Amino acid sequence: MQPSVIACDLGTGGLKAAVFDATGRTLAERLVSYETYYPKPSRHEQRPQDWWGAIAACLPDLLASTGVERSSVRAIVLSGHSLGCIPVAADGTLLQTSTPIWSDGRAEAEAADFFRRFDETAWYRVTGNGFPAPLYPLFKILWLRRWQPEILSRARWILGTKDYINFRLTGRIATDHSYASGSGLYDLRTRRYSEPILDAAGIDPGLFPAPVESTSIIGEVLPDVAASLDLPPGVRVVAGGVDNSCMALGSGTYREGAIFCAMGSSSWLTISSGRPLLEDNVRPYVFTHVVPDLYISATSIFSSGTSLAWVRNMLLPDIAAAAEADGADGYEALMKLADTAPRGANGLVFVPTLGGGTSFEGGPSVRGAFVGLDLKHTRADIIRATLEGVALGLRAALDELRRMTAVRDEMIVVGGGARSPLWRRIFADVFDCAIVKTNVDQQSATLGAAALALVGVGLWPDFEGVDALLAAEPPDRPDPAAKPVYELALAAYRKAATQQREAADLLSKLRSLSQ
């Protein structure tokens, strides 16, 4: 039996884990979900113990799968959702039961206060942190200092998501450059935490682990932990990376100018390059790539798959439920319904900022809308408009990337949304470019993480093994007949999105008064 590695993607909605052999072939995979909690407006929290519970539930089941030889496992590696802020004591004890995840925007006041002392544009140019500033750990720490100082005073470390799991596996505190680059404190050019930013924030740099390369081995799984997870002795833990960068590697986006679109709970467009793409108004968000000497620069929308889930659960629950009662897929039933509506959804436009927006979309306080609702609109129009609204939101972001750099006219798509033929056709028509789905869609982050482990333990000499695993399906190309429809839809979308940005402050106050 040839050697194998375990790769885990600690995502927003759950843990995806898989065993890969030394060629990169998937031997087994599992998914375990966990909850996100919304205790107050703008607060999005998860329980780190739930992440560990997902690991504990998943790994023994994986190792018992047909075709997996437990003794062949050489390493485990994690990809983790970004912008985590997990305070732990000196012995690694969690200091909070629930911690803010990447989309948590509670720290608006703390960010505003910081930028009275440190120029916001200068901060962005150093860090490349183009998400709304309150989402970054720097400002979540400042929120802790203001509202829960007893927690921060007891904290020895502030950890990211996958770094907390790595600590539980090895007993060692560590992070990597890709995850550290989303801290709000990391200088992209020096690849170190920025002393001027730390000084302005009044934060002890010792709270943060020194970054290592994503392929670095940070230790072995502790013997008692290995026994509880049914792992063999001596399994090494590779540092891993932030999910955005791992997904880029797993989709083949690790050379200059390569680009992909991720279609998941949130969706984003990501370009790999030898320099960070920084622009003061659009504010692409930049991470250090898990591949040395590269960066990934991206624009995104926060609520894509989550918007679809909201429409399914709140507006069309009977359709999905009826399909699932018959043993069919609820989302496929929604796609079939959407396909009966015409392009342009009979003039209905959806702005998919239900959970807040990026800086480009209007920030954390902006919210979504159906615009142009008419008594004649059907449920098919509603679901079609939802799919088109996500594509239009990304098209607006894509146009900004096209303005900044050369973008290929062929786009790889990955993630759960990439499985829908209808959604791929909509993306091709709205983006006005070919859309290519490979055999790797929801597995791109785990494949990217697996590549880090395979290189880290010496089973691969470099990352080119990823290319051999990507097999493309026939591309979806734009239909010329769709162009005039989506040109009008895009113009209407831009106006609708502007209206939502302009109304954001008023609606935020209204929500507060309505609690």
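Biologist: Which helices each supply at least two residues of the lining of the second largest pocket?

Modeller: This is a predicted model, where local features need pLDDT of at least 70, side-chain atom pairs count only at pLDDT 80 or more, and totals for chains, interfaces and linings use all residues. On a 1 Å grid over the protein atoms alone, a pocket is an open set of points with protein on both sides within 12 Å along at least five of seven lines, a cavity is a set where a 1.4 Å probe fits but cannot get out, and lining residues have an atom within 4 Å of a point. Helices (DSSP runs of H or I, at least four residues) and strands (E, at least two) are numbered from the N terminus. The two helices are H2 (108–114) and H4 (137–147).

Biologist: Which helix gives the most to that second largest pocket?

Modeller: Residues are numbered from 1 along each chain as its sequence is written, and side-chain values use heavy atoms, with hydrogens and water left out. The lining includes Glu-108, Ala-109 and Glu-110, along with Trp-143 and Trp-147. With three residues, the top contributor is H2.

Biologist: How many charged residues line the second largest pocket?

Modeller: Asp, Glu, Lys and Arg count as charged, Ala, Val, Leu, Ile, Met, Phe, Trp, Tyr, Cys and Pro as nonpolar, and the others, Gly among them, as polar. Lys-40, Arg-43 and Arg-106 are among the lining residues. Next to four nonpolar and two polar residues, the charged ones number five.

Biologist: What is the volume of the largest cavity?

Modeller: A search of the whole structure turns up four cavities of 30 Å³ or more. Volume here is the space filled by probe spheres set on grid points, which are joined across faces, edges and corners. For the largest cavity, that comes to about 130 Å³.

Biologist: Which elements give two or more residues to the lining of the largest cavity?

Modeller: There are 14 lining residues, and Ile-158, Gly-160, Tyr-179, Ser-183 and Phe-208 lie nearest the centre. The elements with two or more residues in that lining are strand S8 (157–159) and helix H7 (177–180).

Biologist: How many polar residues does the lining of the second largest cavity have?

Modeller: This cavity has a volume of about 70 Å³. Its lining includes Ser-42, Ser-103, Gly-355, Gly-356 and Gly-357, plus Phe-302 and Arg-367. Three lining residues are nonpolar and one is charged, while the polar count is seven.

Biologist: Are H12 and H13 parallel or oblique?

Modeller: The axes (lines fitted to C-alpha atoms over the stretch in contact, with angles from 0 to 180 degrees between N-to-C directions) of H12 (residues 317–325) and H13 (residues 330–338) come within 7 Å and cross at roughly 125 degrees. Under 35 degrees counts as roughly parallel, over 145 as roughly antiparallel, 65 to 115 as roughly perpendicular and the rest as oblique. The pair is therefore oblique.

Biologist: How are H14 and H18 set to each other?

Modeller: H14 (residues 379–404) and H18 (residues 483–513) have axes that come within 10 Å and cross at roughly 80 degrees. The two helices are therefore roughly perpendicular.

Biologist: How many charged residues sit in the contact of H14 with H18?

Modeller: Contact means heavy atoms within 4.5 Å. H14 brings Arg-384, Glu-388, Arg-395 and Asp-399 among others, and H18 includes Arg-494. Beside six nonpolar and two polar residues, the charged ones make five.

Biologist: How many nonpolar residues are in the contact of H10 with H16?

Modeller: The axes of H10 (residues 243–250) and H16 (residues 444–456) come within 6 Å and cross at roughly 85 degrees, so the helices are roughly perpendicular. Cys-246, Met-247, Leu-249 and Gly-250 of H10 meet H16 residues including Leu-447, Ala-451 and Leu-452. With three polar and no charged residues there, the nonpolar count is eight.
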